[in-house]
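Dear colleague,

Please find below the structure that I am handing over to you.

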Amino acid sequence: MRFEIEHSTCYTYSNVVSLGPQTIRLQPRGDGSQHLLNFECVIEPTPRLMTSIMDLEGNIVTRTWFDEPTTHLNITTRFSLETLRCNPFDYFPETHFEQWPINYSEDLKEHLTSYLITEVPEPKIIELSNELATIAKFEALPFLEVVNQYIYNEIKSEIRETGSPQTPEMTLSKKRGACRDMAVLFMAICRQQGFACRFVSGYQARSVPRINERRYLHAWAEVYIPGGGWRGYDQTRGQAVADAHVALAAARIPKGATPISGTFVGTKVQSQMDVSLKIHTI
């Protein structure tokens, strides 16, 4: 599938501010599942210095620094991209991964340790994780499907444009959450059984639920499967990720995949953020 995307974020400030360094994670990554054809990032006011780097998690990150005071910050990205993975199960997992409990090889553990660590979960998360493992008959890939389907069926998807993800316990208790909340819940349940998971921000071909015509950034989770690499699961669809998703950034915790982060300094300043997202698929 081919994507043509234009994404604009406009911050306006009630008084003049001095912008601190800004970190932008809006350039899609390149891997075996997607190929970036072209990319443009336009920033106003023009930064004194702008550079692109690869962070520790393999994401392409743009860093900017500014000199002049301003009352606004506009960031617009435009790109064309082809997604390549029509079949989300185009791999054979290594034999040892299908055994229970989940046990990564020692050399993999050295690289995956940070993706296995989770906050001490409440008993409800532990209980649910064990219950879903029983339903999956303690088989690795069926377990991932069972967890994804559980969240899809039991948690009502909603739109919440700003704010950090809810805790897994809160999402489970409220039975509702945004895509990022559902992804964090999936990660907590899976990590409890020894799966290495990470949080992904990006776009999807069409929004679910279709509340209105506005488009929003999306979030889902990935699990590391020996023999398959990082594989995505979308909790708002109850499906494994294939060619209808575009990944921007992935990280051990959601903060590491934040699309735009930075600071400003000013006196008695109120800020407002407006977002415009246009997605066209072929």
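A pocket, as the word is used here, is an open set of grid points where a 1.4 Å probe fits, with protein on both sides within 12 Å along at least five of seven lines. Please note that the model is a predicted one.

The second largest pocket holds about 300 Å³ of space. Its lining is made up of 22 residues, of which Arg29, Ser33, Arg85, Glu222 and Trp230 are the closest to the centre. Strand S9 (218-225), strand S10 (229-234) and strand S12 (245-251) each contribute at least two lining residues, and S10 gives the most, with four. Sorted by class, the lining of this pocket has seven nonpolar, eight polar and seven charged residues.

In soluble globular proteins, nonpolar side chains tend to be buried together. The largest nonpolar core here has 46 residues, and those with the most contacts inside it are Tyr104, Phe143, Leu144, Ile151, Phe186 and Phe195. Among the elements that each supply at least two residues of this core are helix H1 (106-116), helix H2 (123-135), helix H3 (140-154) and strand S8 (197-204), together with S9, S10 and S12. Helix H5 (179-191) is also one of these elements, and H5 gives the most to the core, with 10 residues.

Apart from its neighbours within four places in sequence, Leu144 is in contact with Phe186, Cys190, Phe195, Val223, Ile225 and Tyr233.

A second, separate core has 22 residues, including Tyr11, Val17, Ile43 and Phe66.

With kind regards

Conventions
Residues numbered from 1 in each chain as written. Predicted model: local features only at pLDDT ≥ 70, side-chain atom pairs only at ≥ 80, totals over all residues. Heavy atoms only, no water. 1 Å grid on protein atoms, 1.4 Å probe; cavity = no way out; pocket = protein on both sides within 12 Å on 5 of 7 lines; lining within 4 Å. Points joined across faces, edges and corners; volume = space filled by probe spheres on them. Nonpolar A, V, L, I, M, F, W, Y, C, P; charged D, E, K, R; others polar. Core = buried A, V, L, I, M, F, W, Y, C linked by side-chain atoms within 4.5 Å. Buried < 20%, exposed > 50% of the residue type's maximum accessible area, 1.4 Å probe, protein only. Contact = heavy atoms within 4.5 Å.
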